[in-house]
Amino acid sequence: MMKKIGIVYGGKSAEHEVSLMTAKAVIAALDFSTYQVTPIYITLDGEWVCGEKLTAPVEEAEALRFTGTDQPNSIAQFVELASNPETRFDLVFPVLHGPNGEDGTIQGLFEMMNLPYVGNGVLASSAGMDKVVMKQLFTQAGLKQVPYEYCLHSYYNAHKEEFLDACEQNLTYPLFVKPANLGSSVGISKAKTREELEAAIQFAFEYDRKIVVEQGITAREVELSVLGNDEPKVSIAGEVLPTKDFYDYSAKYVDGTTNYAIPAEITEQELSDLQQASIDAFKILDCSGLVRADFFLTTDGDVYINEVNTLPGFTPISMYPKLWIASGKTYAELVEELIQLGLERFEEKKHRAYTRDEDGSK
């Protein structure tokens, strides 16, 4: 029997275009003799459009928009499709980046519908998406991080000068300003002066109600990919070598101005420290499926965790798959393993539910 796979992509996030590219790549990697593939597109306005079952990979990511079709556009269609025993998905593969896709919201929908899905659960997704919550959890666990400040938009409007003073008193320029709940380097700016800091903060608030200001550090940017559930595996390390001032959205996905060193030229001890920190971060957030862990590595060999991405960029040129490809897995093998990990986690949860008595005791 062919397994029914639903690919959910698009979304209201600023990372909509990245999601389209990821969906095209994942669909192309699936074995159409094994899987029956249904594309589920979420428009920029938040409408859900369930497409016809695919018989082959799409040629262009643009074709996945379903623009100009007479397909119904309602989440109710997805719920009906996924709830009907005859059409119910065996697994959903979300490739949504950013808010409403990477933050636990859609994972909660899948949990309520009792649907197996690829990737992290509600807690790991929400904690990993919010950079402030993530940093606080890492601090509690003892992972080393660069100094930072954060605030809500409402606080900044009422205490602008006070917050700017705190940033300058507690941090050292250059500073990096980020929306707390966004990925793919969207909304990030580098500030070297108070004037630039103000502009960067205003820009970040265009994307989120909470922002983070981080102290810049002289260090190499190193990333590792983690794959698994309770016993995760970690890839080799790769180094980001941006030719621009910093690794922004355009450098990642548009103009190709970033180079990568895979594997990174680091010592065995540095690799061991980075791999252990990656596993620690994965387990601290109770992750499952996939995570990309990003670090700063100083010339003294000190490892500072920058962040984790619980649904990292997954296009063929993205760092997460490139690191696994360099570690010996093909893109298609990686997609297949993620599917199996999602099914494995669902079976584990189902087994726990079935082993409980009616009164809730074991």
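F89 is buried, its relative accessible area being 4%. This residue belongs to a predicted model, and the values below are computed from that model.

**Aromatic pairs**

Across the whole structure, a search returns ten aromatic pairs. One of them joins F78 and F89: the ring centres lie 6.1 Å apart and the planes meet at 25°, so this pair is stacked. Angles under 30 degrees count as stacked. The two partners come from distant parts of the chain, eleven residues apart. F78 sits in helix α2 (residues 75-83), whereas F89 lies in the loop between α2 and β4 (91-94). F78 is buried, because its relative accessibility is 0%.

F203 and Y207 make an edge-to-face pair, with 5.4 Å from centre to centre and 85° between the planes. Angles over 60 degrees count as edge-to-face. F203 is partly exposed at 28% relative accessibility, and Y207 is partly exposed at 34%.

F78 and F89 also belong to a cluster linked by ring pairs, together with W48, F110 and Y117.

**Charges over rings**

Y117, a member of that cluster, has R345 over its face, at 4.4 Å from the ring centre. In a second case, the charged end of K329 is placed over the ring of W324, 5.9 Å from the ring centre.

R345 is part of helix α12 (residues 331-354). With a relative accessibility of 10%, R345 counts as buried, because the cut-off for buried is under 20%. When residues up to four places away in sequence are not counted, R345 touches Y117, G119, N120, G121, N229 and S288. R345 and G228 are 117 residues apart in sequence, yet their C-alpha atoms are 9.9 Å apart in space.

**Relative accessibility of selected residues**

The table lists residues discussed in this report.

| Residue | Relative accessibility | Class |
|---|---|---|
| F78 | 0% | buried |
| F89 | 4% | buried |
| R345 | 10% | buried |
| E307 | 12% | buried |
| F203 | 28% | partly exposed |
| Y207 | 34% | partly exposed |
| L137 | 34% | partly exposed |
| T330 | 40% | partly exposed |

**A nonpolar surface patch**

V133, L137 and I284 form a nonpolar patch on the surface, and together they have about 180 Å² of accessible area. Among them, L137 belongs to helix α5 (residues 131-141). At 34% relative accessibility, L137 is classed as partly exposed.

E307 lies in strand β13 (residues 303-309). Its relative accessibility of 12% makes E307 a buried residue. Apart from neighbours within four places in sequence, E307 contacts K131, M134, R292, A293 and D294.

T330 is placed in the loop between α11 (319-326) and α12. T330 has a relative accessible area of 40% and is therefore partly exposed. T330 and A29 are separated by 301 residues in sequence, while the distance between their C-alpha atoms is 9.5 Å.

Technical notes:
Residues numbered from 1 in each chain as written. Predicted model: local features only at pLDDT ≥ 70, side-chain atom pairs only at ≥ 80, totals over all residues. Heavy atoms only, no water. Phe/Tyr/Trp six-rings, centres within 6.5 Å; stacked < 30°, edge-to-face > 60°. Helix = DSSP H or I, 4+ residues; strand = E, 2+ residues; numbered from the N terminus. Buried < 20%, exposed > 50% of the residue type's maximum accessible area, 1.4 Å probe, protein only. Lys NZ or Arg CZ within 6 Å of the ring centre and 35° of its normal. Contact = heavy atoms within 4.5 Å. Patch = residues over 30% accessible without salt bridge, like charges linked within 9 Å, V, L, I, M, F, W, Y side chains within 5 Å. Areas by Shrake-Rupley, 256 points an atom, 1.4 Å probe, with all protein chains shown as cover. Salt bridge = Lys/Arg side-chain N within 4 Å of Asp/Glu carboxyl O.
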